[in-house]
Amino acid sequence: MDQSAIDALRTAPVAQGKLWINGEPVAAADGGEMEIHSPADGTLLTTVARGTRHDADRAVAAARAAFEDGRWSALAPTARKKIMLRWADLMEAEMLPLAVLGVRDNGTEIGMALRAEPGSAITTIRYYAEAADKINGEIAPTSPDVLGLIHREPVGVVAAIIPWNFPLMIGAWKLGPALAAGNSVVLKPSETASLSLLRMVELAHEAGIPPGVLNIVTGDGAVVGDALGRSMDVDVIVFTGSGATGRRLLQASAETNLKRCYLELGGKSANVVFSDAPNLEEAAKVSAGGIFRNSGQVCVAGSRLLVERAIHDEFVAMMAEAAQAMKVGDPLDLSTQSGAVNNPTQLERNLGLVETAQREGGEVVTGGSAILEETGGTYMAPTLITGVEENHTIAREEVFGPVLAVTPFDTEEEAIRLANASDYGLAGGTWTGDLSRAHRMIRAMKTGVVHVNTYGGPDVTVPLGGVKQSGNGHDKSLHAFDKYLDLKTAWIKL
Ligand code: NAD
């Protein structure tokens, strides 16, 4: 990729964001709008419709009507596949503008955004498009006088509520399987990362997705998100975001129609480094990327570093060096390794948690402060905190920022105990040259993902989901279809 092509798009005018309901771009019912400021430099990019409860209800009604009349749900799966593949092609044709638009909106460094945002969203849409005509039913092995058929049917109306960190990628993780399976969707992006998704939805319509099948309602979580959570006509909520919002959605479901809620929540993932790791320098470099890229706004970020005491000081020095060498700043510069923190509130939260860590006995080895304030953007230095004990706040609470908490251990048993001493269970990592130990760690870590001798990077072919308070259900892989398909039994007397 060439920097001049990115620079040419830096200040491109950004269209005003409308809602997409029933195949049409529309304003919010009351005309409300939200200002969208770039975290890169604070500039006003555009305004986006601030949807109301009424808009959420209208979008659900459009999705329901589309589902019931079969314009998508009753199409031959090969026809759905064709349209979704065309959609992925359209996205690919404007991959760079999509990536740049997303970066201006959410602050992710462009190198990562190109791979993880349009890049991975396109791969994901293609993956599920190709799977659309490979969802088979089953014949049950029952007695010879009956035929037991197991049908797999779309659930109906899916509401997808997603966060700011990777809108296109996480959006595609939900939209891909939901649409390939024949459902209709109402998508609710984050207040601070909606622009690239709005374009993605527009392209879906250009590709031929029928009106009402894919709707998008921007606006406040407490209004639009809550209305979707409380809708009597939404069958399934698929959510990625914080535990606090996940709890609200479960409550909204309990108080209304008991819609199923699949929650992909946060993490406090342990990255365990043993002294027998094959290459400590490589481990330090990759581990630094595993927490500091995208300013730590990665749900699986390895935010707790557990290091065997024998190599603690040496490894901390390597990590500090890697953190200091990391180029933080202008997210549209290809050489930047970590872009902006998504919003000022998040930056304040990050800094507050660093202060708490220090008050509780942690020592800031490097970073710990906001930087580049003169740019008008929100940036934070990669931060390494040593002397963290398992009961410290920084060892227990997700920061969702570039902050790494370091704790030493003496034995494998202690490493396992510390790794699992968390309410979360999303991801983790282990660095060792001992194959048996690697497998013991995989089995022992109570998480949905375990990396071995690397951190980050699992592609769409493998599931992502958490255990404990990191949530339930899985995005990615063919297992994701489980959320979007109901089983129906047909029992036929022969
Ligand atoms: P958030 O929970 O504040 O917001 C997520 C979405 O929920 C947004 O679209 C928001 O508008 C909406 N929302 C807010 N209040 C709502 C309400 N009352 N009812 C319904 N919807 C509401 O989370 P965030 O700050 O945008 O994202 C960061 C969090 O997401 C972190 O905790 C992070 O770990 C988590 N995350 C998890 C994964 C994963 O796959 N497990 C991936 C990315 C991010």
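Reader: What is the area buried between domain 1 and domain 2, and what percentage of it do carbon and sulfur atoms give?

Author: The size of an interface is often given as the accessible area lost when the parts come together. Buried area here is the accessible area (1.4 Å probe) that two parts lose on being put together, summed over both. Between domain 1 and domain 2 it is about 2,100 Å², with carbon and sulfur atoms giving 54%. On the side of domain 1, Pro39, Glu109 and Trp164 supply 27% of the area buried against domain 2, more than any other three residues. This is a predicted model, in which local features need pLDDT of at least 70 and side-chain atom pairs count only at pLDDT 80 or more, whereas totals for chains, interfaces and linings use all residues. Residues are numbered from 1 along each chain as its sequence is written, and side-chain values use heavy atoms, with hydrogens and water left out.

Reader: Which residues make up domain 1 and domain 2?

Author: Domain 1 comprises 3-265 + 471-493, and domain 2 comprises 270-459; such bounds come from an automatic or database domain assignment. Their centres, taken over C-alpha atoms, are separated by 30 Å. In contact (heavy atoms within 4.5 Å) are 23 residues of domain 1 and 28 residues of domain 2.

Reader: How many salt bridges are counted between domain 1 and domain 2?

Author: Side chains of opposite charge can pair when their charged atoms come close. The rule for a salt bridge asks for a side-chain nitrogen of Lys or Arg within 4 Å of a carboxyl oxygen of Asp or Glu. Between domain 1 and domain 2 the count is one. The side chains of Arg10 and Asp330 form a salt bridge at 2.7 Å, N to O. Arg10 is partly exposed at 27% relative accessibility, as is Asp330 at 30% (buried means under 20% relative accessible area, exposed over 50%, partly exposed in between; 1.4 Å probe, protein chains only).

Reader: Are Lys483 and Glu264 buried or exposed?

Author: Both Lys483 and Glu264 are buried. They form a salt bridge whose closest N and O atoms are 3.9 Å apart. Lys483 lies in the loop between strand 20 (449-452) and strand 21 (485-493), and Glu264 in strand 11 (residues 260-264), so the pair ties together parts that are 219 residues apart in sequence. Strands here are DSSP runs (E, at least two residues), numbered from the N terminus.

Reader: Which residues are linked in a network of salt bridges?

Author: Arg53, Asp226, Arg230 and Glu255 are linked in such a network.

Terms used
Helix = DSSP H or I, 4+ residues; strand = E, 2+ residues; numbered from the N terminus.
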